[in-house]
Structure formats: structure tokens, C-alpha cells
Amino acid sequence: MTSRSSFGKCLGSSQQICRLLSSNTGVKIGSTPTTIPNVASVKRDSVVKKYSMIATIGTVAVATAAAVKVMHDEVGGMEGLKRTINFYSLAIPKYIEYRTHMLLRSSDEKWEELDRETSQKGLEKILELRGFYIKSGQMCAANIGNAFPRIWQETMSVLQDQCPKPIGAASIGQVHKATLRNGQSVVVKVMYPEVEDLFRGDVRTIKMFAQVAQPVHVPPLEEVERQFMTEFDYQKEAQQMENVRNNLMKAGLAGKGKMSIVPKPFMEFCTKRVLVMEELKGEKLPLVLQNDIQRLAENLGLTLDEFKVQEDKKIQDKKRKGEDISGPTAQEFDTWIRIVDAKRRAENTSSMIHNITLGWIPGQKRKAYKSKRILPLNQARLIDDLIYIHGHEVLVDGYFNGDVHPGNVLMCGLDSSRPQLGLIDYGQVKQLTREERLLMCKIILALADNDRNEVVRLMVQAGFKSKAMNEDVIFKYAKVSYDEDNDELTEGKHIQMFMEDLQGLDPIDQIPDCYIMVGRTSIMLRGFAHALRQPRSIAKAWAPIAEKVLQSEGIER
């Protein structure tokens, strides 16, 4: 039940009290009497005024009680109300300020100043409130929908690591290292007490804000809310982790020497509030990428900030000239890595010669050897691998992780020739039925072929509805949800403005719930890809998987 409907029903109850009192006294509450009482009716008038006063107090009392109940139900009681007011105290003024700058068409310098100030205040608010707001900050850091400026991504990137002491603090619990009696190193997640009510209230607070400011995001938020509620059972999360792990290992996509690795949960130690799993030896992906950039800047004789400014200027210049701003391909990265590795080997050879000759002389310092850890990460292949793994989860298994931000990815085996993706956190796993999975395969193939009519037909078959069923709106919605976003598709508009324009052209009535998390996964993967300047068409990347699935089922396209 929405807050508006709940509040309306309670107000209706107070109005019934007024009507009841009116029928008993003959006076309409809140109105001027139509007849002037004579002297004989003064006593009766006094009684009526008392009834009127009682009725008014009753109305206020019932309405107040209704408001308190609504707040309790919607945002988690008085504590939730405090958190809501705390969030709105920053969100509403800043939302108005951003809209004002849009209307005034402010300069880039003004926007940068506003982004820097607001992102820092936003981070402080998130760290104060925690809960679902950490998830929101992680979405920003992951550049969901390619919607966030670099300043916002960098400011919020600390949330992807999630590592205040002891070793981590997830949005709903704390993370510890431990050792089993058999010597096995494990990670233990312990849920915060009373976190569920606050988390639920946080989601609804953001949803209520979206209902007013950004209604196009309400249906996805409602599905996200349903999925997030499964996070409050660590035993269920452990089982989901085990299922995904088994699926990927069966497909040859996870395990020793494979593309990825998923930690093994120890089910016998897991409860609703405690999760025990194998410890993966690796580093958080955002930290690895940051170190990559730091080394590149040092090799160029620049500080990290100087390097970022230089790169931003290059990108803006290319955009103005209409040039491609994509980063190196996987093959170009391989060439670069071989050059860096050759230099590393040469330096290690020189160090070895020094150490076995001059290094033995007293007073001479032995030289350290450089490990493969210093080699650049092949960012293009990283994106391709992540996209392929999740395409398999969605289209083959119909069982996938809907929370694929970079903070949930580790880089394991950086000292080896083939590092692995460590995939963690399975609180938001979505399952598709066979029919839903096969229909998504068809949608993906139609999008890959850019077959507008087929995409529209399949979207309608899936249950997509809008007021006017405008085919152009349906096609564009499918493209941006499940395939790609670029300046050609969005007509150069910011993704938020583009979605609002679609909503204004033909308001969306119904989005297939089963595919909202597929869209979220696609958007998260693409946002991360954009942040690394590796734009991708998810449909084209997933098309070979979809084709194979339909063939195995004996289904023609």
C-alpha cells in the first residue's frame, strides 16, 4: 500500500467521524451555520461547539496517528523518519540547484564546481547514514547508465572497496577474516542488528523522492526493492552463491585456471545473520585499476591528478572533433603488456647480474626483482570477460547476479600469467523461468540485428506497455535497457534527460518485472565499461550465446 493511499484512508476515517457528529448535532462541522440560533437555543449551541471542538481535535488526532503509522510502515518508524529527513535535507535542495543550472545552461566550470561540492557532501551523507545509501553510492561509482561525471565516480569510489576496519563493512553487515579448525582461511559476514527495517525504509525514501522528481525510475526501484529484501537472509545468499558457483564451474567459466573464481560457502556454519565462505586471495578491482593509472602517470612523469586532467582534456578534444574516444582494444593491450613485461624481464636480468656479482661486495645494496603484479591490466579483456560470464548466467542458466558493480569483483593471481576474476556478493540473485529466458534470447538477437519491428513485437509479448504504445519509444527503451547507450541513440542528451523525454512522449505503464534486473545488469556492466572507455553493445556480445541456446532448444529465430 502506498503512503498516499494509506494516508487517504485514514483521512477518510476522520471525515466519517465528522459526518457522524454532524448527523447527531445537526451542524456541519467546519461550516458556518445556515440559521442563527435564538435565545432558547444558546445552551444547545454551546453543546454543539463542544462537539465541534471535540470533532476537530479528533480529526487532527486521527490524521496525526495516520501520518505516524504511514511513516512507520513506509520508512521504518521514527528512526526511519529521522533518516528520511536527513536524506531530504541534502537531496531536495541539491536537486533544485541542479535543475536550475540546467535551465540556465551553466558553463562547464560551474557544473564542475557544483559536482565537486555536491559529490563530497553526498559521500559524507552516505557514510553517515550507511544502509541502502551505500548501495546508491556504489551505483554512482560504477557509472550506472553512463550517467555520472568523473568527479562523482571518483568521489564515490571509496564505497566500492567497503573497507573500514576490521576488514570490511558491507551495506548490511560487517566482514571479518577467520580460520577454521582445519586451517582453512575464511571470510565471515555478520549482519548488523535491526538493519532490515532501516534498509527497507531507505529504499522507500529514495522511491518516494523518485515518484516526485524522477518517476521514470520508480518501476525499476520497486523491483530492486523486492530483490534487495532477499539480502537479509545470509543462509539464502550462501545457497545462491553455491548455485552460481556450480553453474559456472559446470560451464568451464570458473575454477582453477579458468576465467573466474567464486568462493565456496560453508553451509554448515551459515545462519540467517552469519555467512561463512572461502577467502579469495586477491585485490579489489577498483584498487587494481587505481594502481594501474598511478604507475602509468609515474612513467609519464606526472602526478595522478595531472594525468587525469590531461586525459580528460584529450577526451573532450576528441569529442569536439567527433573522433572515437574508445580506449585500446584487447589486442593493443596485449602488445603493450608484452612491451612492459619485456622491460621488466630485462631489468630483472640486470638486477640478477648485479646481485650475483657486485651485490656480494660489502656495502653494495642488492636490487629487488619486479613481479608480474606491475604489468598493466588488459581492461578490454576484463570487460569482455565480465560481460560474457553474466551473459551465460542470464541466457543459459537463467540464474544471475544483479549486483555487478566493480566493488564486487576481485583480481586474483596478479602474479600469474592469467589473472582470474574473483566474483563475490550474491545477495541479489534473480532467477528466470525457461520461457522468460528463451524470450530474452530472442530479444537480444533482435537487438543485435537492430530489427526494430521484431524488438517491438517481442517487448509487447514480454508484457511491456505504455499509454500510446509508441513503437519508437518501445524500441528505444529496449535498446537502452538491454543493449547500449551512445550519443546517436540518446541524441547527445544525458541519459536522465533522454529517459525523461521518452516518458514525456509516451508514459510507461508496465515493465516486465522479470526483465528489470536483466536491464540493471546490462546497465551496470555498460557503465563500468564506459568508465574504462570500453563501450560495448551487450546484445552483440550476448548474441552468440543466445543463438546457441535457441539452437539447443530446437527453436528457430
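Which residues of β9 are buried on one side and on the other? In this predicted model, Gln420 and Gly422 on one side of β9 and Leu421 and Leu423 on the other are all buried, so that both faces of the strand are covered; buried means under 20% relative accessible area, exposed over 50%, and partly exposed in between, with a 1.4 Å probe and protein chains only.

Because the model is predicted, local features need pLDDT of at least 70 and side-chain atom pairs count only at pLDDT 80 or more, while totals for chains, interfaces and linings use all residues. Residues are numbered from 1 along each chain as its sequence is written, and side-chain values use heavy atoms, with hydrogens and water left out.

**View 1. The whole chain.** The chain holds 21 helices and 12 strands, where helices (H or I, at least four residues) and strands (E, at least two) are DSSP runs numbered from the N terminus. Of its 557 residues, 47% count as buried, and the accessible surface comes to about 28900 Å², of which 56% belongs to carbon and sulfur atoms; these areas come from the Shrake-Rupley method with a 1.4 Å probe, and for residues only the protein chains shown count as cover. Among contacts with a separation of 6 or more, 71% are between residues 24 or more positions apart, a contact meaning heavy atoms within 4.5 Å.

**View 2. The four-stranded open sheet.** The strands are ordered β4-β9-β8-β6, with mixed pairing, and two strands pair if DSSP finds at least two bridges between them. The edge strands, each pairing on one side only, are β4 (260–261) and β6 (282–284). Strands of a sheet pair through backbone hydrogen bonds, either parallel or antiparallel. β4 pairs with β9 (residues 420–423) in the parallel sense over two bridges, in which Ser260 has Leu421 as its bridge partner and Ile261 has Gly422. By contrast, β8 and β9 run antiparallel and are joined by four bridges, with Met411 standing opposite Leu421. β6 and β8 also run antiparallel, joined by three bridges, and the bridge partner of Gly282 in β8 is Cys412.

View 3. Asn408 is placed in the loop between β7 (399–401) and β8, and at 4% relative accessibility Asn408 counts as buried. Leaving aside neighbours within four places in sequence, Asn408 is in contact with Asp403, Gly422, Leu423, Ile424 and Asp425. The C-alpha atoms of Asn408 and Lys284 are separated by 7.7 Å, although these residues are 124 apart along the chain.

**View 4. Helix α11 on the sheet and against α12.** Helix α11 (residues 285–299) lies across β6 and β8 (409–412) and runs at about 85° to β6; axes are lines fitted to C-alpha atoms, for helices over the stretch in contact, and angles run from 0 to 180 degrees between N-to-C directions. α11 also packs with helix α12 (residues 304–321) at an angle of about 90°, the axes being 9 Å apart. That makes α11 roughly perpendicular to α12, a description used for angles of 65 to 115 degrees, whereas angles under 35 count as roughly parallel, over 145 as roughly antiparallel and the rest as oblique. In this contact, Gln290, Ile293, Gln294, Leu296 and Ala297 of α11 meet Leu304, Phe307 and Lys308 of α12. The residues of the contact divide into five nonpolar, two polar and one charged, where Ala, Val, Leu, Ile, Met, Phe, Trp, Tyr, Cys and Pro count as nonpolar, Asp, Glu, Lys and Arg as charged, and the others, Gly among them, as polar.

**View 5. Helix α16 and its surroundings.** The buried residues of helix α16 (residues 452–462) are Val455, Val456, Leu458, Met459 and Ala462, and these pack against α15 (434–448), α17 (471–482) and α20 (513–531). α16 is followed by Gly463, which has a positive phi near 115°. Asn450, in the loop between α15 and α16, has a positive phi of about 55° although it is not a glycine, and at 47% relative accessibility Asn450 counts as partly exposed.

**View 6. The loop that holds Arg533.** Arg533 is found in the loop between α20 and α21 (538–552). Although Arg533 is not a glycine, its phi is positive, at about 55°, and at 24% relative accessibility Arg533 counts as partly exposed.
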